[in-house]
Amino acid sequence: MKRLKHYFFVAILIAGLTAGIGLLLQQVLARMPLSSGASLQAVPMTELFGLHLWAIAFLFSLIGGILLYSVIVFRNKKGDVTDGEYIEGNTPLELFWTIVPLGAVLYIAFLGGQNLQAVELKDPNAMRIDVTGQQWSWRFDYPEYGITSDELYLPVDQQVLLRLRAVEVVHSFWVPEFGPKQDLLPGGLVRELRITPTKVGDYTVGCAELCGRKHAFMTAPVVVVSKTEFADWVARKMAENPCNTDDQIACGEYLARGNGCLACHSLDGSSGIGPTWVGIFGTEEALADGSTVTVDDAYILESVREPARRIVEGFKDSMPVEIGKNLTDEQIQAIIALIASLNQ
Ligand code: CUA
């Protein structure tokens, strides 16, 4: 009878602690960006988080409650120096605390699988956007429209398929309000992430993988707009891209800038990691192996595609081969037009 009374009070203590801690944790969750429900993917993630926090509150209260109750109620009486009761195993209890947690863990794994399925649900009409992360900036290419942007514009209520790549080290794409997070890997490996934004608004993508000195500043604006506003933005960006006009030279400069060529090759004659493009077209250059080459269309095309093949004397093979892989022949022709224009 006395034992039943203890069980009763402990149960009340555990229930009270669970409710208090659980409600507190739910309040914390409600204030997290994830709970804004800004994407279809964030909703099941928030639900699973909520359930986990209740489980955490209960388990903490179960252990902490029993401990607290025992420390207070079963304290040593003053002057009592006898040993505690000796207990040798309890088969029903051991079976209970093996089977119940096993079932609970399996159930949580099932919920996790269900959740992952909801988050990775594919829409065949998803709009593709190529995302490139490099130290320390983001680039967004919309291959359907031939647009490159440093802001991620997204139409509301439309799934986008983000194809993520990194240039040199691992980065990680994360918009907290959208929920899921995905790494960007170097070496030509492409990772995918699907997002369906459901709320118009301004967000920020951050990099969630330590990637060097300016990692903390590797952010870019994410703008979710209505479908009509998105169409307007696309039209504006397409008009901005000189590669949609006849201006080959302007297109070449746009591509050279967008692909990072100008980090090593200057347009003003100053020396860099690679030869300057000023006055190089049509000249005879000495190569590292002692032979010479005329810098013409064929040599430039080859140097973009296979930078290591014939290196100009005095320079090292430092050009990433990925750059050549990303450019089409027409795009390289535009860059050649730019280089040729720098001879005057
Ligand atoms: Cu990129 Cu951290």
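Leaving aside residues up to four places away in sequence, R128 touches D141, Y142, P143, E144, L161 and R163, where contact means heavy atoms within 4.5 Å. This is a predicted model, in which local features need pLDDT of at least 70 and side-chain atom pairs count only at pLDDT 80 or more, while totals for chains, interfaces and linings use all residues. Residues are numbered from 1 along each chain as its sequence is written, and side-chain values use heavy atoms, with hydrogens and water left out.

R128 lies in strand β1, which spans residues 127–134; strands are DSSP runs of E with at least two residues, numbered from the N terminus. The side chains of R128 and D130 are joined by a polar contact of 3.0 Å, a term for a pair of N or O atoms within 3.5 Å, of which, within protein, one must be able to donate a hydrogen and the other to accept it, residues adjacent in sequence counting only if both atoms are side-chain atoms. With a relative accessible area of 32%, R128 is partly exposed, given that buried means under 20%, exposed over 50% and partly exposed in between (1.4 Å probe, protein chains only).

Turning to the cysteines, a search of the whole structure finds one disulfide, defined as a pair of cysteine sulfur atoms within 2.5 Å. The disulfide joins C243 to C251 with an S to S distance of 2.0 Å, and the link is right-handed, with 95 degrees about the S-S bond. C243 is partly exposed at 28%, whereas C251 is buried at 7%. For C264, the closest cysteine sulfur, in C261, is 8.9 Å away and therefore too far for a bond.

Terms used
Helix = DSSP H or I, 4+ residues; strand = E, 2+ residues; numbered from the N terminus.
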